[in-house]
Amino acid sequence: MYAATSGIELGLGIFLFPAWLIAAVMTSLQPGRRTARRMRRMSRIALVPVSVALLLTAARLVTYGLLARHGWVFVGDRRLFTTFVTLLPAVIATVVWTVPWLASAARTRLPDPDAPVPLDEQVRARSARHVVPPRLAAFGGFACLAQLFLPPDRSFWISLGAYGLVTAAVAGLLVWGAKARLQRLSTGLEIPRRRALAVRLGAAVVVLGTVAGLVNHEIAGSRLPHTFSMMKGEADWGGGPAGQHHDMAGGHHMATGAGGADGVSVDELRGPRSGMPDRRFSLTAQAKKVKLASGRTVDAWTYNGQVPGPRLRVTEGDLVEIKLRNELPGKTPVTIHWHGVDVPNGEDGVAGATQDAVLPGKSFTYRFRVQESGTRWYHSHQAASEQVDRGLFGALIIEPKKQTRPVDKDVSVLAHDWQTDKGTVSAFGASDELERRRAQPGEKVRVRLANTSGGTREFAVDGVSYKVTALDGTDVHKPTALKGQKLVLGGGNRMDVEFTMPDGPVRVTDAGAPDAGIVYSPDGKGKLKADLSGPAFDPYGYGSPKRTELGPDSDFDRDYKLVFDEWLGFYDGTFGMKQTINGHVFPDTPMLMIKEGDLARVTFINRGSEDHPMHLHGHHMLVLGKNGKRASGSPIWQDTVLVRPGEKVQVAFKADNPGIWMDHCHNFWHSKLGMVMHLAYDNVTTPYEIGGPVGNKPE
């Protein structure tokens with residue numbers, strides 16, 4: 001509902017400006033008619049665009065009210081000021097003065113319709129109160145369009161003053177211009193055409209020069225420094241007492257708490273350096289042309305020459321060692337991030353924060369002990385918007401020490417969008433066609449769904465009742481049977497689905513590729529049509545409640561509020577839709593500062609028009625509720641929380657894993673456009689930087 005209303009409001013904003021501009025032009029032409037007949041006709045014509053513009057304005061006010069129903073935060077920014085400060089006063093003035101005048105002039109009947117309009121009547125028609133309101137409304141319509149280019153979420157009083165002053169200044173100039181023209185009409189003095197043309201050309205040159213200068217200034221000012229610290233953002237202590245903040249960007253430390261000025265480096269927060277690993281893997285990043293099942297070709301980057309990369313299977317408690325070697329072409333560096341695994345900070349694989357990216361010909365070894373179980377995955381965290389898209393990802397399965405739900409078939413489905421030689425295609429791994437597999441009646445099947453692309457996906461399981469047994473790898477407490485529902489996964493999310501194979505076929509389908517998917521049947525030849533029309537699965541009320549160490553009524557040490565928004569403008573020298581957090585883009589986004597042992601609550605508010613799957617590294621978040629309503633089912637522990645347009649989602653976590661942790665939208669294209677921040681423990685520092693000799697680029 002919010003997304004649709006927001007889209008309508010955006011469309012109205014686009015049409016308001018031309019509608020009011022046409023109305024202003026037609027109203028201005030009305031007094032210039034030389035005969036009463038022509039003035040009356042022009043009055044009637046001018047009433048049409050004015051009426052259309054008024055209807056569009058009324059529609060915008062209605063949509064504004066619908067948006068306000070989601071909460072004040074969704075309208076109390078630039079929308080408020082462009083509509084109520086800039087546009088609405090001019091619209092009211094148009095209704096009070098301009099419309100009655102046009103209506104009166106449209107009904108006027110003179111003895112001789114073809115006689116010239118008397119001078120006093122022309123003067124009345126050119127009165128500022130008649131011609132200025134539509135012009136000012138056109139400026140208000142332009143402001144409603146330009147709000148996309150205006151910084152969101154500024155101080156209420158500062159914004160009110162700024163918008164009010166600009167509107168008052170424009171109104172003053174319009175009134176002054178109207179009176180000046182009226183005076184020239186009354187005195188009979190006209191500006192020579194050459195002088196008028198020169199003035200207009202001069203004004204155009206000044207305006208265009210100013211615009212060009214501003215654009216160049218914005219391009220230059222938006223470029224990120226060649227090298228800078230991940231700790232450059234402004235510290236946000238969540239309303240709690242401040243500790244020490246290591247201002248790495250400034251090249252110095254500020255210490256006000258325990259731990260000393262130097263603190264702990266992320267290099268000291270590593271996994272065990274000694275001991276025989278229980279599981280050892282080797283992953284080599286390589287470039288390779290890969291054919292999907294349909295024959296489409298992907299110019300892929302792979303781990304060990306395959307997409308997805310090898311499925312890594314370990315057991316809870318294992319000491320795991322993975323050696324990454326880079327054989328990518330050119331000077332392309334790479335890392336591996338263990339998505340959803342609460343590894344020590346130095347093993348997290350974020351270029352520029354926890355390590356330098358690995359250059360071609362070099363290697364890096366990750367060692368950590370897994371203290372959890374469930375469905376995870378791994379991917380590069382160096383230029384991830386490109387590298388993950390091209391194939392640098394794979395499944396990571398952590399088996400529990402004690403298997404409580406053994407299954408006969410355990411399948412990992414990594415849904416991905418591939419850029420092929422024949423366009424973009426959605427696939428399960430490298431399979432972009434319908435795949436048929438055997439499964440005997442009575443067999444227990446677990447399908448581990450994972451969304452490895454940025455956009456939100458919807459899945460369907462048809463032909464059987466099933467249970468959602470885990471979200472982001474964490475078990476659901478007492479799941480119940482489902483049937484015919486759409487399973488929604490944001491970018492980076494996982495969901496385990498389990499069912500007992502019936503006599504007939506079962507189909508697993510991604511809505512992005514409705515003709516593909518997997519069909520299970522006893523003979524491997526089954527046919528079943530996908531049904532993607534069901535309602536969306538609601539995890540907030542699914543399963544049974546269970547006591548947790550923290551909850552909505554906990555005494556929180558930190559309370560953060562993060563508002564996601566959109567803002568057209570320049571970012572790193574490129575024009576696009578910047579993705580903001582509290583009105584800023586990385587590296588100026590807030591840095592969430594915390595102390596070890598703190599309990600933290602975070603409120604995510606999505607005021608934009610796109611989904612934001614927010615991924616916090618190194619921690620699992622307990623989802624407390626959505627849109628003011630508490631979660632009532634099984635505790636939802638996730639590492640990636642989907643926040644859709646118009647939603648307010650509240651989560652909590654315990655600060656029990658010291659480090660500097662990336663916290664970002666897992667739609668990597670949003671990360672690339674600025675939606676990145678960090679959770680930083682007050683006594684932890686990093687020696688690594690963005691850019692530098694290896695070109696660290698963590699998005």
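Biologist: Where does Ala383 sit?
Modeller: In this predicted model, Ala383 is in the loop between strand 10 (374-379) and helix 8 (384-387). Its phi is positive, about 45°, although Ala383 is not a glycine.

Biologist: And is Ala383 buried or exposed?
Modeller: Ala383 is buried: its relative accessible area is 11%, and the cut-off for buried is under 20%.

Biologist: Which residue other than glycine has a phi near 55°?
Modeller: That would be Lys478, where phi is positive as well. Lys478 belongs to the loop between strand 18 (474-475) and strand 19 (487-489). With a relative accessible area of 55%, Lys478 is exposed.

Biologist: Let's switch to peptide bonds. Which residue is joined to Pro308 by a cis peptide bond?
Modeller: Val307 is the partner, and omega is about -15° there. You'll find Pro308 in the loop between strand 5 (297-303) and strand 6 (309-315).

Biologist: Okay, zooming out. How many helices and strands does the protein have?
Modeller: The secondary structure comes to 9 helices and 36 strands. The C-alpha trace spans about 105 × 65 × 55 Å along its principal axes.

Biologist: What share of the residues is buried?
Modeller: Of the 699 residues in the protein, 53% are buried. As for contacts with a separation of 6 or more, 77% of them come from residues 24 or more positions apart.

Biologist: Now the helices. At what angle do helix 3 and helix 5 pack?
Modeller: Helix 3 (residues 78-107) and helix 5 (residues 128-146) pack at about 150°, and their axes are 8 Å apart. The cut-off for roughly antiparallel is over 145 degrees, so helix 3 and helix 5 are roughly antiparallel to each other. Their crossing is left-handed.

Biologist: Which residues make that contact?
Modeller: From helix 3, they include Thr82, Thr86, Ala90, Trp97 and Trp101. Helix 5 brings in, among others, His130, Pro133, Phe139, Gly140, Gly141 and Cys144. Counted by class, the contact residues of helix 3 and helix 5 are 13 nonpolar, 8 polar and 1 charged.

Biologist: Why call helix 5 largely enclosed?
Modeller: Because 15 of its 19 residues are buried, helix 5 is largely enclosed by the rest of the structure.

Biologist: And what span should helix 5 have at 1.5 Å a residue?
Modeller: Its 19 residues should span 27 Å, and the end C-alpha atoms of helix 5 are 26 Å apart, which agrees.

Biologist: One more pair: how do helix 1 and helix 3 pack?
Modeller: Helix 1 (residues 2-29) packs with helix 3 at an angle of about 40°, their axes being 13 Å apart. That angle makes helix 1 oblique to helix 3. The crossing of helix 1 and helix 3 is left-handed.

Biologist: Which residues of helix 1 meet helix 3?
Modeller: Tyr2, Ser6, Glu9, Leu16, Trp20 and Thr27 do, and across from them in helix 3 are Arg79, Leu87, Val91, Thr94, Thr98 and Leu102. This contact of helix 1 with helix 3 has 6 nonpolar, 4 polar and 2 charged residues.

Note on methods
Residues are numbered from 1 along each chain as its sequence is written. This is a predicted model: local features need pLDDT of at least 70, side-chain atom pairs count only at pLDDT 80 or more; totals for chains, interfaces and linings use all residues. Side-chain values use heavy atoms; hydrogens and water are left out. Axes are lines fitted to C-alpha atoms, for helices over the stretch in contact, and angles run from 0 to 180 degrees between N-to-C directions. Helices (H or I, at least four residues) and strands (E, at least two) are DSSP runs, numbered from the N terminus. Angles under 35 degrees count as roughly parallel, over 145 as roughly antiparallel, 65 to 115 as roughly perpendicular and the rest as oblique. A crossing is left-handed if the near helix is turned anticlockwise from the far one by less than a right angle, and right-handed if clockwise. Contact means heavy atoms within 4.5 Å. Ala, Val, Leu, Ile, Met, Phe, Trp, Tyr, Cys and Pro count as nonpolar, Asp, Glu, Lys and Arg as charged, and the others, Gly among them, as polar. The expected span of a helix is 1.5 Å times one less than its number of residues. Buried means under 20% relative accessible area, exposed over 50%, partly exposed in between (1.4 Å probe, protein chains only).
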